[in-house]
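Let's take a friendly walk through a protein model and see what holds its parts side by side. Have a look at the sequence and the 3D view before reading on.

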Amino acid sequence: MEAPHPSPFIHNPTHPHIHKTTLIFLHGTSQTGSELASILLSFPIPPPLLPNTRFVFPTGSPKKTTVFAGLETNSWFNIHTFVDRTLGETEQIPGLAESINYLSSLINDEVEELVKAGVRREEAGDRIVVGGFSSGAALAVLGFLSGEFERRERIGAVVALSGWLPFRAQIDKVIENHKEVGDRERKWAVRKYVRQLLYMNDGVQGGKMEEMREEKAEILICHGKKDVKVRYEWGVEMTGVLKRMGQKIECRSYEGLEHWVCGEEMLDVEGFVEGVWEGLE
C-alpha cells in the first residue's frame, strides 16, 4: 500500500485579492511540492501577475525509484533510467494510476475551495489549470488523456514544462488505428486505451467511459532546446502525437535552456493561463 501524500504547499492570494482561479503544479523527479514552489515563486512573475490565483504544489507519495538504486523518493511514478524514458514503462503503471487518482481528488477539493470563495460551481473547473515540470508534466498530460481529471468537473487547461509522454508509441498506434475517424472519436479511443492501461475505475480494467466528460481544454508545452535530461526531441514527439490525436496545442521553446525553467517561460505560462481564464469574472 502506498504511503500517504504529504500536504500540498499552498500560496494563497493576499489581501485585498481573493481566490478566483487555481494553478496546480506538479514537481519533477527527486523534488517535492515545497521545493518546486520555492523555485517558481522566486520569479517575480506568477503572484504579481496572477493576483487572484491560488497556487497549489502537491507532493508525490514515497515510492521506490529504480533510477536512484531503489531508494524511496517523493515521486509520481517509477523512473527506470534517465537515458531512455520508454524503458521500464510497465513498472510506471501503479504509480501513474495512484498519482492520477490523487490529483483527481485534489482537483475536486479545489473546486470546492473556489465555490466557497464565491465562484459558481458550473464554472469552477474551468478556473483550474494543472501544470507540471519534468515527470510532473508527464503525469499532467497522461492524467488529462485518461479523462480522470475531468470525471466530475472540466478543467481549464494543462501546462507541461520539460516533459514527455509516457507510453507515447502505444498511444500513437491507437491514433494511427483511428486516423479515419473524427477528432472526438480518436480522443475517446486514446482515453479508453489509457484507462485500460492504468486499470482505472476502482481497479476494474477499462473504466466507465459513459461517466466521462468530453474534454475541451488546451495544452501548453514548453521545453528548453538544451535539455539533455528530458530531451527536447521527446517534447517534440509528445507534441506530434497530441496534434495527430486532434488536441489543441500551444508550443514554446527556449534557446540555451537546459532541464530547468526561466523567466521567459514563466511569462509564457502566465500569458497562457490568463488567456484560458479571460472572460471569467
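## A ring pair to start with

Phe133 is buried, at 6% relative accessibility (buried means under 20% relative accessible area, exposed over 50%, and partly exposed in between, using a 1.4 Å probe and protein chains only). A quick note before going further: this is a predicted model, where local features need pLDDT of at least 70 and side-chain atom pairs count only at pLDDT 80 or more, while totals for chains, interfaces and linings use all residues. Residues are numbered from 1 along each chain as its sequence is written, and side-chain values use heavy atoms, with hydrogens and water left out.

Rings of Phe, Tyr and Trp (its six-membered ring) pair if their centres lie within 6.5 Å; planes under 30 degrees apart are stacked, over 60 edge-to-face, and the rest tilted. That rule gives four aromatic pairs here. Trp260 is partly exposed, with a relative accessible area of 43%.

## The overall build

The chain has nine helices and nine strands (DSSP runs numbered from the N terminus, with helices being H or I of at least four residues and strands E of at least two). Its C-alpha trace spans about 50 × 40 × 40 Å along the principal axes. Of the 281 residues, 55% count as buried.

## Greasy insides

In soluble globular proteins, nonpolar side chains tend to be buried together. A nonpolar core, as used here, is a set of buried Ala, Val, Leu, Ile, Met, Phe, Trp, Tyr and Cys residues joined through side-chain atoms within 4.5 Å. The largest one has 55 residues, and those with the most contacts inside it are Leu145, Ile171, Leu198 and Leu242. Helix H3 (residues 89-116) gives the largest share of this core, 10 residues.

What is Leu242 in contact with, leaving aside its neighbours within four places in sequence? Its partners are Val141, Leu145, Ile219, Ile221, Gln247 and Ile249, where contact means heavy atoms within 4.5 Å. There is also a second, separate core of 26 residues, which includes Phe25, Ala37, Phe55 and Phe133.

## Charges that meet

A salt bridge is a side-chain nitrogen of Lys or Arg within 4 Å of a carboxyl oxygen of Asp or Glu. The whole structure has 17 of them, including these:

| Salt bridge | N to O distance |
|---|---|
| Arg120 and Glu123 | 2.9 Å |
| Asp172 and Arg244 | 3.1 Å |
| Arg252 and Glu250 | 3.1 Å |

Salt bridges with shared partners join Arg120, Glu122, Glu123 and Arg127 into one network. Within it, Arg120 is partly exposed at 47% relative accessible area, whereas Glu123 is buried at 13%.

Asp172 and Arg244 form a salt bridge that links distant parts of the chain: Asp172 is in helix H6 (residues 168-177) and Arg244 in helix H8 (residues 232-245), 72 residues apart. Asp172 is partly exposed at 22% relative accessibility, and Arg244 is partly exposed with a relative accessible area of 45%.
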